[in-house]
Amino acid sequence: MNDTTPHHNSAIKHVTGQSLYINDIEESEQLLHGMVLYSPHAHAIIHSVHVADALQLPGVKAVLSYKDITGLNQMGPVLKDEPCLAKSTVHFIGQAVLLIAAENLDIARHAAKLIRIEYEALEPILDIPTAITKNSRLQPEQTIETGNTSNALQNCRHTLHGDFVTGGQEHWYLETQTAMAIPGEDRELKIFSSTQHPSETQAIAAKVLGINRNEVEVEVRRLGGAFGGKETQANHYAAWAALLATATRRPVKIRLTRDEDQIMTGKRHDFLSNYHVGFDDTGKITALDVKLHANAGAAADLTMPILARAMFHIDNAYFIPNLTVSGNSWKTNLPPNTAFRGFGGPQGMAVIENIVDRIARFLKKDGLEVRKLNLYQPDRNNRTHYGQLITNNCLGVLLEQLVSTSEYWKRRKEVQQFNRENEFVKKGLALTPVKFGISFTTAFLNQAGALINIYQDGTVLINHGGVEMGQGLHTKILKIAASELGIDLQYIKTNATNTTKVPNTSATAASSGTDLNGMAVKAGIEKIKVRLQELAATFFNENKNSMQTKSANVTFADNMVFDTKNRQRQISFQELIQIAYLDRISLSATGFYKTPNIHFDRETGKGEPFHYFATGMSVSEVSIDTLTGKVELLRTDILHDAGKSINEKIDIGQIEGGFIQGVGWITNEELRYDTKGNLLTHSPSTYKIPTISDIPNDFRVSLLKGYPNPNTIKQSKAIGEPPFMHGLSVWMAIKDAVSAVGDHKTEPDLTIPATSETVLRTIDKIREKEQHYLLIASKQAFPQ
């Protein structure tokens with residue numbers, strides 16, 4: 001097999017502008033443009049709605065309210081708590097109240113200005129502490145526990161307790177939320193949607209319209225980024241476009257502007273966490289009690305499974321014999337928060353990493369020493385707080401290799417020397433591990449389907465349930481198919497994801513896109529190969545005077561099909577396909593895969609929710625200007641375990657991109673709201689995602705070699721989400737540099753994100769404490 005395309009299969013189309021997105025589909029003369037009129041209030045009662053003036057405007061074809069919904073006024077993906085259009089009360093700024101369809105957007109916007117809605121504003125809840133005070137709980141508290149935490153804490157040599165805040169994050173995909181709905185015969189509807197979950201988009205649209213799922217076709221060629229923000233929330237725009245298209249019997253497209261997208265959509269959940277930890281003189285953690293508080297926003301969306309994953313990852317890579325973690329979800333008057341790369345994992349991991357760092361500072365040890373001491377081990381201390389045994393553990397190998405290649409201890413001495421010699425610029429250095437569970441924690445979602453078609457000319461078309469959103473899923477699927485069929489990539493094509501080709505698919509999320517769909521594609525190909533092997537054996541055995549070929553010995557490689565026992569018996573793949581067609585052998589097959597042996601009992605808090613764990617480690621070094629709070633990322637070394645990588649270039653790209661996105665979360669990406677619930681950072685000028693200047697000056701990324709992952713597609717490991725958490729090494733390095741201002745005697749009260757302003761405030765607090773301690777010491781030395 002000649003692998004001539006190791007890069008992303010759409011790379012050339014991307015850079016030359018040939019890749020097609022929804023907005024590149026040629027618009028027909030019949031196309032209408034949809035607009036969502038949303039609430040300007042975070043919490044309010046709707047007293048009246050007047051749309052008559054808007055309907056009289058030339059070019060306006062429809063103005064729809066909840067009264068015009070022909071099906072169910074509901075879009076909640078898990079809990080049915082999110083109306084499609086507001087009825088009598090609005091619960092966040094950006095909540096849809098009316099839908100407008102017009103000949104163009106200018107007319108639609110003019111119509112919106114003619115609509116009069118009378119609101120009675122109510123007091124909003126905008127943060128977790130207020131929600132707790134007002135008992136605005138979404139769901140009952142959940143708890144996972146192992147050992148006897150309360151008893152262990154009473155008997156610990158040392159204990160620390162505190163609170164920790166992690167902020168939210170805007171997805172900032174390049175392609176904003178977009179959908180186009182085209183009515184067909186009878187009640188049929190085709191929707192082009194920028195969604196990570198075509199089957200759920202199909203289901204929500206059908207439910208809102210009051211029709212069957214088999215009457216709704218959803219197609220996705222590719223997304224211009226998603227990161228979780230289009231797992232559930234893309235459903236809204238598809239459903240709204242579908243309502244308008246059905247009402248007008250004309251195609252309708254809804255495309256948000258950047259400002260609309262940031263105002264209307266949910267974000268990564270911000271968390272408030274309370275912890276109480278116990279440890280001994282060496283830094284060994286013996287007990288931990290954590291309460292996680294998640295800001296759900298105005299509706300559930302995916303808050304509960306996100307909170308569950310945060311609870312699963314509160315240990316990160318550390319064995320803690322006595323651990324209790326409780327998860328609490330709180331309703332506020334902000335857009336419903338949703339999935340984001342890591343899906344709660346980053347919020348949980350950040351808590352334990354901050355705790356480990358605090359323990360190290362308390363004991364006057366290097367953070368690496370405490371981390372190494374508490375790591376899960378291969379043959380002991382290897383069971384999580386929810387009871388899953390950690391197998392194929394390479395955390396120790398990762399640590400040993402990265403400490404060596406990054407020259408950690410040498411650089412630690414250099415950082416210490418630099419800090420002694422410089423008053424206004426300080427450096428920080430940190431190593432952090434990642435252990436991330438791979439699988440949907442909702443077990444039934446761990447399934448995938450595929451449809452394989454081989455045509456008479458020997459070319460192959462693959463349909464599968466996964467969605468390409470820039471992560472290289474289709475590139476890996478092509479590589480898998482080429483390897484299984486033994487033919488070159490040029491003969492294989494992946495098709496747009498379509499609900500009429502592969503039904504009942506799961507979201508492309510949880511880092512499982514290749515794991516699930518790759519296995520489904522392999523299963524479908526294997527069905528066809530069995531047929532072709534039998535045919536090839538019959539063809540080779542036509543000469544009865546020679547040794548007979550067994551079908552089990554027929555192999556596919558280098559565009560040929562041959563007998564492994566007698567290589568002279570061979571035929572080209574294309575020729576065999578022609579023979580198969582003439583012999584009336586099916587050249588099409590479906591494939592299906594479900595992840596084996598995963599389960600979790602939510603009542604007992606025990607089980608094996610993950611198929612395996614992805615692991616990695618990173619070392620980051622930063623400098624901070626103590627007068628301005630400016631952070632410079634000097635160097636990052638990442639060593640990541642991708643199993644037996646299917647495509648190393650794709651995997652390294654995902655590691656680099658995930659890391660930088662994680663750096664954005666922990667540094668510059670800050671969501672700010674005013675007292676009325678208005679998002680103040682809703683444009684590129686006010687919300688700062690990482691730029692090229694935020695990439696480390698020295699950036700070294702490597703894949704761990706020699707550790708194939710058993711029982712997965714091509715012995716690989718998922719790569720989408722785990723690298724995001726490598727960004728925590730940068731946050732820890734910033735904290736280390738801030739701590740150096742006070743010679744590591746004062747615990748920095750640093751939160752996420754560590755913006756320049758936050759860094760500067762934290763430094764000022766340390767200096768104030770230092771001055772206070774000096775004043776006390778002076779009074780003790782020179783009493784009056």
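Guide: A crossing of two helices is called right-handed if the near helix is turned clockwise from the far one by less than a right angle. Keep that in mind as we tour this predicted model.

Visitor: Happy to. Which crossing does α6 make as it passes α7?

Guide: A right-handed one: that is how α6 passes α7.

Visitor: How do I describe such a pair in numbers?

Guide: Two packed helices are described by the angle between their axes and the distance between the axes. Here, α6 (residues 198-209) and α7 (residues 234-248) pack at about 40°, and their axes are 9 Å apart. The two helices are therefore oblique to each other.

Visitor: Which residues of α6 and α7 make the contact?

Guide: From α6 come Glu 200, Thr 201, Ile 204, Ala 205, Val 208 and Leu 209, and from α7 come Asn 235, Ala 238, Ala 239, Ala 242, Leu 243 and Thr 246. By type, the contact has 8 nonpolar, 3 polar and 1 charged residues.

Visitor: Let me try another pair. What are the angle and the axis distance for α17 and α18?

Guide: Helix α17 (residues 648-666) packs on helix α18 (residues 728-741) at an angle of about 40°, with 8 Å between the axes. That angle makes α17 oblique to α18. Phe 659, Val 663, Trp 665 and Ile 666 of α17 meet Leu 728, Ser 729, Val 730, Trp 731 and Ile 734 of α18. This contact divides into 8 nonpolar residues, 1 polar and no charged.

Visitor: Now a single residue. Is Ser 329 buried or exposed?

Guide: The cut-off for buried is under 20% relative accessible area. With a relative accessibility of 1%, Ser 329 counts as buried. Ser 329 sits in strand β15 (residues 322-331), and its side chain reaches the backbone nitrogen of Gln 139 at 3.3 Å. Beyond neighbours within four places in sequence, Ser 329 has contacts that include Arg 137, Ala 294, Thr 303 and Leu 307.

Visitor: And the backbone? Where does Asn 392 lie?

Guide: Asn 392 is in the loop between α11 (367-374) and α12 (395-405). Its phi is near 50°, a positive value in a residue other than glycine. Asn 392 is exposed, at 52% relative accessible area. Asn 597 also has a positive phi, about 60°, and is not a glycine. That residue belongs to the loop between β24 (588-594) and β25 (599-601) and is exposed, at 66%.

Visitor: One last stop: what kind of peptide bond joins Ile 752 and Pro 753?

Guide: A cis one, with omega about 10°. You will find Pro 753 in the loop between α18 and α19 (756-781).

Notes:
Residues numbered from 1 in each chain as written. Predicted model: local features only at pLDDT ≥ 70, side-chain atom pairs only at ≥ 80, totals over all residues. Heavy atoms only, no water. Axes fitted to C-alpha atoms, helices over the stretch in contact; angles between N-to-C directions. Helix = DSSP H or I, 4+ residues; strand = E, 2+ residues; numbered from the N terminus. Parallel < 35°, antiparallel > 145°, perpendicular 65-115°, else oblique. Contact = heavy atoms within 4.5 Å. Nonpolar A, V, L, I, M, F, W, Y, C, P; charged D, E, K, R; others polar. Buried < 20%, exposed > 50% of the residue type's maximum accessible area, 1.4 Å probe, protein only. Polar contact = N/O pair within 3.5 Å; in protein donor to acceptor, adjacent residues only side chain to side chain.
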